[in-house]
Amino acid sequence: MKSFERFAALPLLVAGAVLFYAGRELPRVGSPDSPASLHVSPRYIENAYRETGAPNMVTAVLADYRSYDTLGETVVIFTAGLACLLVLGAFRVRGEEAAPRDQMDYSFGSDVLDATSRILIPFLVLFAVYVVVHGHTSPGGGFQGGTILAAALILLRLVRGSAEGVGISLKGMLVIASAGVGLYASIGLVSLVFGRNFLDYAGLPIPYEGGHLRELGSLGIEVGVFLGVTAVLVLIFDALTTGAEE
Amino acid sequence: MSFLWSLVDYFLTSILFLVGLYGILIRPHLVRKLMAMNILQVAVIVFFITLGYKDGATPPIQRAYEDSPVARDYINPLPHTLMLTAIVVSVSTTGVALSLLVRIYRRFGTLDENQLLKKLK
């Protein structure tokens, strides 16, 4: 084992040498003329608000210019949630006898934690909704808001136990996650039906024009991302803490 | 020397990357390998965010009084967007890896690589 470890240090040294050698050739940190800042991003910065109605350019790029990419990301985390459930054997083949569930209570609540979480959780939920809805004009969006709401739900489960937390089962969470991804994809399909490209919000049948319409479309997909991220994160937590014993 | 000093951010992220690589290659415990993988991902994310920085620029949120924004005044929004999605991928891989580790622990009762290799023989 020792000789193997000594051998493993070799690729580490090679990787370090390559990184430091190549690092000298990179553009100066903070240079406005670096290649990364000259090609695609000026187009986004100069046109984002006029074209998409979102002053926050990160949201504009994420939810409008590259929303097909973001659909892929949402499907990635949805698939990860499914993979967790399947790896941990949360679902059984029909006809197979269900394995005894692990009934251990993972909560470590005390009176102090209970009182603190009662104060904290309403504000966490409110802040999560604010981050999603206000994501077009300030830093925020579906991914961030979903993570905050999932943190609130997981905190509730940690302090009060899975049974006392928000009583949504594994299957319910799976339905919410699917609804989020489905909302995203169906907004894309609606614009396809009305004669535009997939996820081109200009085709949505809402009586608004230009940037305002696109802002509403991207808010819709942000809500889909929000539901998907929240449900998948809670799903992974539930799958990890309760599961069938071998 | 001042030329290298202006690139110090890149070298620091390189060191962070190497810390993660060291953990993945050499530490025998699987949970530590997973934590090292997260450190490596954070190094890549910080590297991309560093590439998007511009001197004297503000975050990429358009000011209300400005009609035609100039690219020089706002930092590059593209690395931020891409890294937002990279963070999501990092969370997903961590979740799947943790559930695999739970399965391994239930089957073999250990997460130490050397003991696992012995038990697999």
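Mentor: Start with A:Arg157, which counts as buried at 4% relative accessibility. Buried means under 20% relative accessible area, exposed over 50%, and partly exposed in between, with a 1.4 Å probe and protein chains only. This is a predicted model: local features need pLDDT of at least 70 and side-chain atom pairs pLDDT 80 or more, while totals for chains, interfaces and linings use all residues. Residues are numbered from 1 along each chain as its sequence is written, chains are lettered from A and ligands numbered from 1 in the order written, and side-chain values use heavy atoms, leaving out hydrogens and water.

The partner of A:Arg157 is A:Asp238, in a salt bridge at 2.6 Å, N to O. A salt bridge here is a side-chain nitrogen of Lys or Arg within 4 Å of a carboxyl oxygen of Asp or Glu. This pair links distant parts of the chain, with A:Asp238 in helix H8 (residues 210-241) and A:Arg157 in helix H6 (residues 142-164) of chain A, 81 residues apart. Helices are DSSP runs (H or I, at least four residues), numbered from the N terminus. A:Asp238 is also buried, at 6% relative accessibility.

Next, A:Asp200 and A:Arg196 meet in a salt bridge at 3.5 Å, N to O. A:Asp200 is buried at 16%, whereas A:Arg196 is partly exposed at 41%. Salt bridges that share partners join A:Asp64, A:Arg196, A:Asp200 and A:Arg214 into one network.

Over all chains, the search finds 10 salt bridges. One pairs A:Arg28 with B:Asp55, with the closest N and O atoms 3.1 Å apart. A:Arg28 lies in the loop between H1 (2-23) and H2 (41-52) of chain A, and B:Asp55 in the loop between H3 and H4 (77-108) of chain B, so the pair joins two chains. A:Arg28 is partly exposed at 41%. B:Asp55 is partly exposed too, at 40%.

Now the nonpolar surface. A patch of about 600 Å² is made by A:Phe20, B:Leu12, B:Ile15, B:Leu16, B:Val19, B:Ile39, B:Val42 and B:Val46. Patch residues have over 30% relative accessible area and no salt bridge; nonpolar side chains (Val, Leu, Ile, Met, Phe, Trp, Tyr) are joined within 5 Å, like charges within 9 Å. Accessible areas come from the Shrake-Rupley method with a 1.4 Å probe; for residues, only the protein chains shown count as cover. H2 (8-26) and H3 (30-51) of chain B each supply at least two residues. H2 of chain B gives the most, with 4 residues. B:Ile15 sits in that helix H2. B:Ile15 is partly exposed, at 43%.
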